[in-house]
Amino acid sequence: MAPEPRPLVSIVTVTFNAAEFIVPFCAAISGLRYAPLETIIVDNASRDGTAARVRGALPGATLIETGRNLGFAAGSNAGARHARGDVLLFLNPDTRPPVDAVEALVAPVVSDPSVGATGCKLVFPDGRIQCAGGVVGPNGLAHQRGWGEVDRGQYDEPSDVDYVPGAALAVRRPLFWDVGGFHEGYFPGFYEDTELCLRLRRRGHRVVYLPSPRIVHLESQSMGRRLLYWLHSNRHRFVARNLDGLRLRDEAAWFYGEHLRPAGTALLGLHPRRFRQECSRLVGALAGELAGLSKARVAAKRVKTAAQMGITR
């Protein structure tokens, strides 16, 4: 008997000013051994010639130029709307997937209906672990397991986790749309993947971390100094939309321990360089906290209204 045909897999990648690292990504995609495969690259109005480099390095890809920066969530949704595949595989342009990446990530979501999404071990270029699946804390903080650890095999077993990063995430296309795709309110990034995985789990599906493939990820190459601002701003939106809210006392205690105390310790210890670094982190996080509180109020009102109207959030 002839073997069952493999499902078509659609790789969806969103770029924004990615010219510096997009060509190696295209080379890695060209080397993937899986078939059938289609690649969709959504360029969010890059100003550095990213789209031109994609055309030259990966001419077989479908290139969508949005004309403006939609962010990761909306850009990914735009790419997914053009996808024909049975499975969507979201990959960041600053990843370097090995040749067997598609088979390893896609197999569980195809063969096991209980699996909603899969992700894999992400590592820094020096081999240290960046993420071995994620855990969401009571304050909504998304914690990447293993971050910064030397890889000694401590995360070499598959496991169910709270979320897997959108940097490398596989999900069946019908299921992705059934739970609403990525929520586009998380701009430019952070927490759209966390909420997607939460929605999948609330539908009874598992979110599974796989130790293989092992994908190099440069991480957050396009956010720069505003990373902490967007992280905490979107964290508050996530909590308002999905959890029971934050107690200000608990949030203040966490902020003190995470940001104020390290800055004060550096100042009192006469470490000017470290003090400047901690102050930079503190300012970005504080700005994100303040913006996030405003977003949280709006998000909470919308969730309450939707609940009253019987609309699934």
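Reader: What should I know before I start?
Author: This is a predicted model, where local features need pLDDT of at least 70, side-chain atom pairs count only at pLDDT 80 or more, and totals for chains, interfaces and linings use all residues. Side-chain values use heavy atoms, with hydrogens and water left out, and residues are numbered from 1 along each chain as its sequence is written.

Reader: How many salt bridges does the structure hold?
Author: A salt bridge here is a side-chain nitrogen of Lys or Arg within 4 Å of a carboxyl oxygen of Asp or Glu. Counted that way, the structure's total is 13.

Reader: Which residue forms a salt bridge with Asp 112?
Author: Asp 112 sits in the loop between α4 (101-111) and β6 (115-123), and its partner is 94 residues away, in strand β12 (residues 206-217). Helices (H or I, at least four residues) and strands (E, at least two) are DSSP runs, numbered from the N terminus. The closest N and O atoms are 3.3 Å apart, and the partner is Arg 206.

Reader: Is Asp 112 buried, partly exposed or exposed?
Author: Buried means under 20% relative accessible area, exposed over 50%, and partly exposed in between (1.4 Å probe, protein chains only). Asp 112 has 26% relative accessibility, so it counts as partly exposed.

Reader: Where are Glu 195 and Arg 241, which form a salt bridge?
Author: Their closest N and O atoms are 2.5 Å apart, and both Glu 195 and Arg 241 are buried.

Reader: Are α6 and α7 roughly parallel or roughly antiparallel?
Author: Axes are lines fitted to C-alpha atoms, for helices over the stretch in contact, and angles run from 0 to 180 degrees between N-to-C directions. The axes of α6 and α7 come within 11 Å and cross at roughly 20 degrees. Angles under 35 degrees count as roughly parallel, over 145 as roughly antiparallel, 65 to 115 as roughly perpendicular and the rest as oblique. The two helices are therefore roughly parallel.

Reader: At roughly what angle do α1 and α2 cross?
Author: These are helix α1 (residues 19-30) and helix α2 (residues 50-57), and their axes come within 9 Å. They count as roughly parallel, and the crossing angle is roughly 25 degrees.

Reader: How far apart in space are Thr 95 and Leu 218?
Author: Thr 95 belongs to strand β5 (residues 95-96) and is buried, with a relative accessible area of 0%. Leu 218 is 123 residues from Thr 95 in sequence, yet the C-alpha to C-alpha distance is 6.5 Å.

Reader: Is Leu 290 buried or exposed?
Author: Leu 290 lies in helix α9 (residues 272-308). Its relative accessibility is 55%, which means that Leu 290 counts as exposed.
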